[in-house]
Amino acid sequence: MEADPFDNPTCKTTEDVESFQGEKRKIIQPTSLKDPKLEKLKEALVDWINRTLKPEHIVVQSLEEDLYDGLVLHHLLSSLAGVHLGVDEIALTTSAQIQKLEVILEELNKRLGLQDSSVIKWNVKLIHNKDLLATIHLLVAMVKHFQAELNLPLNVKVEVVVVEVSRSGIKSEVQTEVLTEDSGAGSDSTSEKEDPIEQLLKLEAHKVNTVKKAILHFVNQYMSTIGLQVADVDKQFADGVMLLLLIGQLEGFFIPLFDFNLTPVNESEMLHNVTLALDLLNDIGLKLPNIDPQDIVSQDVAATLKVLYALFKKHSSK
């Protein structure tokens, strides 16, 4: 199927295409760029990066604009794999950025177990040229390898124009590119790594209630020491107060009362409490990606159970 690559706004000039002469380049179709599934995947990856790099005070807003110079990838590699490379913290010139990316991607590919260049969907040139497709492929591979428990959106696909530039002209065709697999695809499918709470909520109601009771029993073991009892999983955690007190009891530290609202009177104060609780969990190494504080305030059972289950899993074996 033939297509005109210059219909794509990401490929703005003839020179941009010709810079890839002798190579095949994949360009996401404009219609796919507006796909809600792609947007959700991008948001999940940005959220993951920001949670991972919060201790370094690095904030990413755009996958296209914020990863090309190697700074973010350098910090991700350091945070996730404990690798400290002898490269400049900030590379200002194009040549310095490319040199830095070469070192980082070589180490990353090694850590990801990718030695065959034919199966690698990114390279220094693509990343430095802010190629969204290559950047997403790299980040998804990093998530699968370093934090397989992170639930990325499933079955995300985009239409791409495959452009091949040669001396005889430009050849192009439209293909479908898979960014994340369906839950039933592959031996390391997401279904096998699906969040335990998501699996739980698919069971019969009485089984769900049994697990809720077990978690409540665990929670009350600790809350009873300060004269409190929890009777409901979702409602009593919605304002963040119980959650903060529980974290303090489990982790053995006192949260100053001026840091949160002990008797929140509106949703804004509740949201502040829950956000603080999730930040504390992240600070102690209990990462909970894709949990939105608003979901807990809105009494979302799944979101609340995920937080409580993570605490239960960490402390029940002690």
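Predicted model: local features only at pLDDT ≥ 70, side-chain atom pairs only at ≥ 80, totals over all residues.
Visitor: Which residues of H6 are buried?
Guide: They are Gln97, Lys100, Leu101, Ile104, Leu105, Glu107, Leu108 and Asn109. Buried means under 20% relative accessible area, exposed over 50%, and partly exposed in between (1.4 Å probe, protein chains only).

Visitor: What covers them?
Guide: The cover includes helix H5 (71-81), helix H7 (124-128) and helix H8 (132-146).

Visitor: Which residues have the most contacts inside the largest nonpolar core?
Guide: Ile49, Leu73 and Leu139 do, in a core of 48 residues. At least two residues of this core come from each of helix H3 (36-52), H5, H6, H7, H8 and strand E2 (157-166). H8 gives the most, with 11 residues. Another core lies apart from it, with 33 residues, among them Ile247, Ile291, Ile296 and Val307. A nonpolar core is a set of buried Ala, Val, Leu, Ile, Met, Phe, Trp, Tyr and Cys residues joined through side-chain atoms within 4.5 Å.

Visitor: What does Leu73 touch?
Guide: Not counting residues up to four places away in sequence, Leu73 touches Leu67, Leu101, Ile104, Leu105, Ile127, Leu138, Leu139 and Met142. Contact means heavy atoms within 4.5 Å.

Visitor: Changing topic: at what angle do H11 and H14 pack?
Guide: Helix H11 (residues 241-251) packs with helix H14 (residues 301-315) at about 10 degrees, and their axes are 12 Å apart. H11 is therefore roughly parallel to H14. Angles under 35 degrees count as roughly parallel, over 145 as roughly antiparallel, 65 to 115 as roughly perpendicular and the rest as oblique. Axes are lines fitted to C-alpha atoms, for helices over the stretch in contact, and angles run from 0 to 180 degrees between N-to-C directions.

Visitor: Which residues make the contact?
Guide: H11 contributes Leu243, Leu246, Ile247, Leu250 and Glu251, while H14 contributes Val307, Leu308, Leu311, Lys314 and His315.

Visitor: How many residues of each are buried in H11?
Guide: H11 is mostly covered, with 8 of its 11 residues buried. Those are Val241, Met242, Leu243, Leu244, Leu246, Ile247, Gly248 and Leu250. Gly252 follows H11 and has a positive phi, near 75 degrees.

Visitor: Is Val297 buried or exposed?
Guide: Val297 is buried, at a relative accessible area of 8%. Val297 sits in helix H13 (residues 293-297) and touches Ala238, Glu267, Met270, Leu271 and Val274, not counting residues up to four places away in sequence.

Visitor: And how many helices and strands does the protein chain have?
Guide: There are 14 helices and 3 strands, and buried residues make up 43% of the 318 residues.

How values were computed
Residues numbered from 1 in each chain as written. Heavy atoms only, no water. Helix = DSSP H or I, 4+ residues; strand = E, 2+ residues; numbered from the N terminus.
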